[in-house]
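Hi everyone, thanks for making time this morning.

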Amino acid sequence: MLLKNTDFVDLPVFARGKVRDVFEVDDETLLMVVTDRISAFDVVFNEPIPDKGKVLNKISEFWFEFTKGIIGNHVITTDVSKYPKGLDRFRDELEGRSMLVRKVRMENVECIVRGYLEGSGLKEYRAIGSVCGIKLPEGLKQADRLPEPIFTPSTKSKEGHDVNITFEDLVDMIGSERAKRLKEKSLEIYTAAAEYAESRGIIIADTKFEFGYLDGELVIADEILTPDSSRFWPLDDYEPGRPQKSFDKQFLREYLEGIGWDKEPPAPPLPAEIIEKTREKYIEAYERLTGNKFC
C-alpha cells in the first residue's frame, strides 16, 4: 500500500512535515505517521517511493531501541492494536509505518555529527578549511574520514534551507549547559551507532539528531539514523577522493543534479527506474543494519 496522504486520520493535526504527519491524540500523546513521500533539496516530490515510510519507521524503531542505554526517547509503542481512540481500525494504513509517542518539548536546532567529509561540510572545508568553525587538517579529500567525529549544529527552518552554525552560536542561542549536553549526547550516539553499522558493512558518514525534553530529561525524538537523516555508504566500496555509492537520498540527489534541476519547486517527475532504485536502496539499508528481511 502506497501512503502519500494521511487525511483518513480523524485527529487534530499537530504538525505536517515533508515526510511525517503528526496528530494530537491527547495532551501528552502524539501519533506519528511516516508516509511514502520523498523530498530532496527541501522540495517534496509528487511521486511516492513504495515502502519508504515503513523502512524509515522500522529503522528508527531499531535505533531507538539500540540507543536507549545512552538516552531515552519518546516512543510509547508501534503496536497498532495498542493505539487508543479506535485508531486500530486504520491498521492497514498504519501498520509498520507509525508510532505512538509522548509529546516532547523540542530544541529548535538540528544536531549534526560528521564522521566523514561530504556535503555542505566538504564545500565549506574547500572554501575556508573549516566546518562550522572547526578547523580541519589540510589536504583532506572528498569522503575522507575525519580525525574524529565533529558536532556541527544547524538552525531548524520550517521554510527553506537550514543554516549551519558554530557551537558558539548554539551556546548563544540556548545557553552553555544545554549546548554542551546536546553535543555530548550527539557524539556518543553517533560513535556507538557508527561502530555497530560498520560491523554490518555500512559507513554512517554523517547524521542529524533532534532532541527535546520529557519530564525535564533530555530525550531523542522524531527520527533517528535513517536514510533520510543520514548518509549511509557501503563499506566494501569505500574509496576517498570521489562520491560514494549510497543507501540514502544521495542517490536521488545525484540524479537530480545530473539532470540540471535548479532545486526550486516544482519538483521534476521521477522516472520509474529512479523510484524503484531508491526503494531498493532504502530496503537494503534496513536489511543490512538490522539483519532482518524486509516484508
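I'll begin with the overall fold, move on to one helix, and then turn to aromatic rings and cysteines.

Please keep in mind that this is a predicted model. The protein chain has 295 residues, and 52% of them count as buried. Its secondary structure comes to seven helices and 17 strands. If you draw a box around the C-alpha atoms along the principal axes, that box is roughly 60 × 45 × 40 Å.

How does the radius of gyration of the protein chain fit with a compact globule? For 295 residues, such a globule would have a radius near 19 Å, and the chain has 19 Å, so the two agree. Contacts tell us something about the fold too. Taking the contacts with a separation of 6 or more, 63% come from residues 24 or more positions apart.

Now let's zoom in on helix H5, residues 176–199. With 24 residues at 1.5 Å a residue, H5 should span 34 Å; its end C-alpha atoms are 35 Å apart, so this agrees with the expectation. Which residues of H5 are buried? They are Ala179, Leu182, Lys185, Ser186, Ile189, Tyr190, Ala193, Ala194 and Ala197. You'll notice a lysine, Lys185, in that list. Just after H5 comes glycine 201, which takes a positive phi of about 85 degrees.

On to the aromatic rings. The model has 15 aromatic pairs. Take phenylalanine 45 and tryptophan 261: they pair edge-to-face, 5.6 Å from centre to centre, with 65 degrees between the planes. This pair brings together distant parts of the chain, as its two residues are 216 residues apart. Phenylalanine 45 sits in the loop between strand S5 and helix H1, while tryptophan 261 sits in the loop between helix H6 and helix H7. Are these two residues buried or exposed? Phenylalanine 45 has 2% relative accessibility, so it counts as buried. Tryptophan 261, at 13%, counts as buried as well.

Another edge-to-face pair is tyrosine 116 with tyrosine 238, at 5.6 Å centre to centre and 80 degrees between the planes. This pair also links distant parts of the chain, 122 residues apart: tyrosine 116 belongs to strand S10, and tyrosine 238 to the loop between strand S17 and H6. Here tyrosine 116 is buried, with a relative accessible area of 5%, whereas tyrosine 238 is partly exposed, at 24%.

Rings can also gather in groups. Phe62, Trp63, Phe66 and Tyr196 form one aromatic cluster.

The charged end of lysine 183 sits over the ring of phenylalanine 167, 5.0 Å from the ring's centre. Likewise, lysine 263 lies over the face of phenylalanine 41, at 4.4 Å from the ring centre.

Last, the cysteines. How many disulfides does the structure hold? The count is zero. Cysteine 132 has 6% relative accessibility, so it counts as buried. Cysteine 295, by contrast, is exposed, with a relative accessible area of 82%.

Note on methods. Residues numbered from 1 in each chain as written. Predicted model: local features only at pLDDT ≥ 70, side-chain atom pairs only at ≥ 80, totals over all residues. Heavy atoms only, no water. Phe/Tyr/Trp six-rings, centres within 6.5 Å; stacked < 30°, edge-to-face > 60°. Helix = DSSP H or I, 4+ residues; strand = E, 2+ residues; numbered from the N terminus. Buried < 20%, exposed > 50% of the residue type's maximum accessible area, 1.4 Å probe, protein only. Lys NZ or Arg CZ within 6 Å of the ring centre and 35° of its normal. Disulfide = S-S within 2.5 Å. Expected span 1.5 Å × (residues − 1). Rg over C-alpha atoms; globule rule 2.2 N^0.38 Å. Contact = heavy atoms within 4.5 Å.
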